[in-house]
Amino acid sequence: MLAAVAAAALPASIVVWLAERAMRFHHYLWHSARNGWTAFGEPERAAYRALGYEPPRPAVEDGQLALGNGSGEDFLYMHRQMIQQLNERLASLADPGYPRIEGWPAIPAPGDADYPVPPAGDGDAELKSDEFYRERIVPLEQRYQDADFLRSVSLGELGARLEFTLHNWMHMRWAEPVAEARPDADPRNPAAIDSRWDAPSYDWLGDFYSSHVHSTFWKLHGWVDERIDDWARANVHGAIEWQGTWTGPDHAHVHPPHPHPAPPAPDEAERRDTPRGRDFGRPLLDVTVPD
Ligand SMILES: [Cu+2]
């Protein structure tokens, strides 16, 4: 019997491809550049620039979610590209158990048989609770599909709101507790990630460096991707005229960074400010999404 696409795991060869260092760096540098840019100093910016990751529209500006600069379009567009690229791979692989990405038709409710919420780990009990689903997730899930709401926002604003609410929450809600978190790379030396984190088994949903290796990433991003079409149905006739299409540098010209010797450890005070390995959790704590 064929496995249902709903709960299928990605084919092993796809997982190996997604776990390649070049793929990991693309996702990690793209997100961390957009989130960190306005907080970075010149050494951090220079390091990202040298790797080709100078974001044209930061996602966070001076600690505030950037609703009006089009960065939310970059978010929607870049992940749509990732889905398309993976669908092309899947089409050529022609595995009947996993023919293409199909997003969640709805965000799985507590007790979902195929996508149970993993046990709470470090600091994420609230996000994983049934109350959080009822009181925070469901209202926004409805709002972001409501035609009146969709007519009241630009595509960029919708993308920014989605990214820093439901999207980040889904990442952390379905993240397994981890025994060991990947130490943050110093943003002045973002390539300093040990190659042991490149193993295909490292697929933690809470880390930009690994989340896309996990099957659930594609379910939740498929759900996010559908919201682009909801917005288009409510607002435009015909094709979307994308303003934010930043996907990072052209892969053909950028080599994946090799791990450089780790920089000296930041002092304790700095450490306290940088919770480790919780990329999608951090914005939940730090960035307010205005009503
Ligand atoms: Cu992403």
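Mentor: In this predicted model, the buried residues of α8 are T216, F217, W218, K219, L220, H221, W223, V224, R227, I228 and W231. The helix that carries them runs over residues 215-235 and comprises 21 residues. From its first C-alpha to its last, α8 reaches 32 Å, close to the 30 Å expected at 1.5 Å a residue.

The buried residues of α8 pack against α4, against α6 (147-151) and against α7 (155-173). The packing with α4 may be followed in detail. The axes of α4 and α8 lie 10 Å apart, and the two helices pack at an angle of about 120°.

On the α4 side, the contact is formed by L76, H79, R80, I83 and L86. These meet W218, H221, G222, V224, D225 and I228 of α8. The residues of this contact of α4 with α8 divide into 6 nonpolar, 3 polar and 2 charged. Among the α8 residues in the contact, W218, H221, V224 and I228 are also listed as buried.

A94 has a positive phi of about 50° although it is not a glycine. Most residues other than glycine have a negative phi. A94 counts as exposed because it has 8 C-beta neighbours inside 10 Å.

Notes. Residues numbered from 1 in each chain as written. Predicted model: local features only at pLDDT ≥ 70, side-chain atom pairs only at ≥ 80, totals over all residues. Buried ≥ 20, exposed ≤ 12 C-beta atoms within 10 Å, placed from the backbone. Helix = DSSP H or I, 4+ residues; strand = E, 2+ residues; numbered from the N terminus. Expected span 1.5 Å × (residues − 1). Contact = placed C-beta atoms within 7 Å. Axes fitted to C-alpha atoms, helices over the stretch in contact; angles between N-to-C directions. Nonpolar A, V, L, I, M, F, W, Y, C, P; charged D, E, K, R; others polar.
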